[in-house]
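This report describes the architecture of one protein chain and the surroundings of its ligand.

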Amino acid sequence: MFGLKSHHRVGLDIGSHAIQLVVTEKHGDKTRVLGAWTRDIYSAANEKYDLDGPKKTQIVPIVLDMFNQAGMKPKRVSHLGSCLSGLNMATKEIRTLQMPEDEMASAVTQEARKHLPLDGSESLVDYQILGDDTREADKVRVLIAVTTKRMFDAHLDMLRELELKPGVVDLEPLSCVNSFILRNELPDDGVVCFLNMGARRTNLVILGRKDMFFSRDLPVAGWSFTEDIMTKLNCTFAEAEEIKVRQGITAKGIKAVGQADAGSLASSLALSDRSPLDRLYDEINRSIRYYVKETGQSGIMKFVLFGGTAASQELCDYLAQRFSVPVEAHDPFRHLEGHVDVKNRPQFATAVGLALRAQAIY
Ligand SMILES: Nc1ncnc2c1ncn2[C@@H]1O[C@H](COP(=O)(O)OP(=O)(O)OP(=O)(O)O)[C@@H](O)[C@H]1O
Ligand SMILES: [Mg+2]
């Protein structure tokens, strides 16, 4: 259906829990969404979630089936945006003197090496000039993205297996933020805190028009809530996932195993362990305090949430109450033409950001 026409843009987000595919079409400066699909990677009742991420052999048949459902042949896709996610990547803003392109590339590479957790392979560095430094006239703001050759090659290998031509390959923490900033204005003053809450980890990005870009990965996300329910109810991953979506991320009103008769397992867990929500609060708070200390910023104007876990109203209410700022679960389709019938709109933020980035491919 779509594959014959080259003006279609495809965003593909392969996560550790789910995969999203978004197809858009460009009309002048407008973008129309033609379709959006999502699939959970672990669908069988007895499957266990793997924190190390799914294997290529699990992903390939699902993605091929999704393209089939979209009526597209992967081989015919000419404008693809995909992303790397997980470990061994970093994004950071530096401020440096204006310099010719080759000198900038070498300065940026040296700086980037300091921020990358090593996996033994070479580092790959990309950068983008964000604009002039308003504080020091001769300097520019540069956003560096760095990953390792091993991560990048594994991604290319997967695309090859899918017969997809790599177009734009971004890092996930930037792709989801792109779904917002390519279509929405940042506030004139102050900064926004973006949280991409998938399954394995939460990508936190703080960004303002004038203020420093900051990014950090937090080790609390959707899986933390599922794991908590599994422990309390002694149930399987699939059961806990269902309870979480039906009853809310903290599964309110559900009694832990043995709570009614043999004492409270839940309360003994609560005493020894902080809840995932409280751990999430601690992590976000620590990052914001660090950012405020480093930049002198007075604080956060609002939170914008992406990722599957952002569908949780309980989470949005909790963050709004603890930080006393507005919280918005982002609908990445809001500023696009066309209609899509999907349940969990924030979950598509990364794939939409990637489809928008794929517009840059000629
Ligand atoms: N309605 C819902 N309420 C709460 N959580 C939800 C809901 N729907 C999905 N989730 C959770 O969202 C997560 C999946 O989101 P997403 O697709 O963004 O993750 P991912 O990209 O695969 O993960 P990662 O990027 O961390 O590897 C899962 O933990 C899932 O349980
Ligand atoms: Mg993700």
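## Backbone, sheets, domains and ligand shell

Glu163 lies in the loop between helix H3 (149-161) and strand E8. The model is a predicted one. Although Glu163 is not a glycine, its phi is positive, at about 60 degrees. Most residues other than glycine have a negative phi.

Asn234 is another residue other than glycine with a positive phi, here near 50 degrees. Its place is in the loop between H5 and H6. Asn234 has 13 other C-beta atoms within 10 Å and is therefore partly exposed.

**Sheets of the chain**

One open sheet has five strands in the order E3-E2-E1-E4-E8, with mixed pairing. Its edge strands are E3 (30-40) and E8 (168-171), each of which pairs on one side only. From one strand to the next, the twist averages 20 degrees. Within this sheet, E1 and E2 pair in the antiparallel sense, and Gly11 has Val22 in E2 as its bridge partner. Helix H4 packs on the sheet and touches strand E4 (80-84) and E8. The direction of H4 makes about 100 degrees with that of E8.

What is the strand order of the open sheet that contains E11? The order is E11-E10-E9-E12-E13, a sheet of five strands with mixed pairing. Strand E11 (214-218) and strand E13 (327-329) form the edges, each pairing on one side only. Neighbouring strands of this sheet are turned by 20 degrees against each other on average, direction ignored. E12 and E13 run parallel, and Val304 is bridged to Glu328 in E13.

E6 and E7 form a hairpin, with six residues between them.

| Strand pair | Sense | Bridges |
|---|---|---|
| E1 (residues 8-14) and E2 (residues 18-27) | antiparallel | seven bridges |
| E12 (residues 300-306) and E13 | parallel | three bridges |

The domain assignment of the chain gives domain 1 (8-85 + 153-173 + 336-360) and domain 2 (186-330). Taken over C-alpha atoms, the centres of domain 1 and domain 2 are separated by 25 Å. Contact between them involves 18 residues of domain 1 and 20 residues of domain 2. On the side of domain 1 that touches domain 2, the elements giving two or more residues are H4 and helix H10 (349-357). By class, this side of domain 1 has eight nonpolar, seven polar and three charged residues.

Helix H4 (residues 172-181) is mostly covered, with nine of its 10 residues buried. Among the buried residues of H4 are Glu172, Pro173, Leu174, Cys176, Val177 and Phe180. Ser175, Asn178 and Ser179 are also buried in this helix.

**The shell around ligand 1**

Which residues come nearest to ligand 1? Of the 24 residues around the ligand, these are Gly15, Ser16, Gly198, Gly222 and Gly308. By class, the shell divides into seven nonpolar, 13 polar and four charged residues. Both domain 1 and domain 2 contribute to the shell, with at least three residues drawn from each. Helix H5 (222-233) and helix H6 (237-247) each supply at least two residues of the shell.

Glu242 lies in H6. Is Glu242 buried or partly exposed? Glu242 is partly exposed, because 15 other C-beta atoms lie within 10 Å. Along the chain, Glu242 and Thr226 are 16 residues apart, and their C-alpha atoms are separated by 9.3 Å.

Key
Residues are numbered from 1 along each chain as its sequence is written. Chains are lettered from A and ligands numbered from 1 in the order in which they are written. This is a predicted model: local features need pLDDT of at least 70, side-chain atom pairs count only at pLDDT 80 or more; totals for chains, interfaces and linings use all residues. A residue is near a molecule or strand if its C-beta atom, placed from the backbone, lies within 6 Å of it. Helices (H or I, at least four residues) and strands (E, at least two) are DSSP runs, numbered from the N terminus. Ala, Val, Leu, Ile, Met, Phe, Trp, Tyr, Cys and Pro count as nonpolar, Asp, Glu, Lys and Arg as charged, and the others, Gly among them, as polar. Domain bounds come from an automatic or database domain assignment. A residue is buried if 20 or more other C-beta atoms lie within 10 Å of its own, exposed if 12 or fewer, and partly exposed in between; C-beta atoms are placed from the backbone. Two residues are in contact if their C-beta atoms, placed from the backbone, lie within 7 Å. Two strands pair if DSSP finds at least two bridges between them. Axes are lines fitted to C-alpha atoms, for helices over the stretch in contact, and angles run from 0 to 180 degrees between N-to-C directions.
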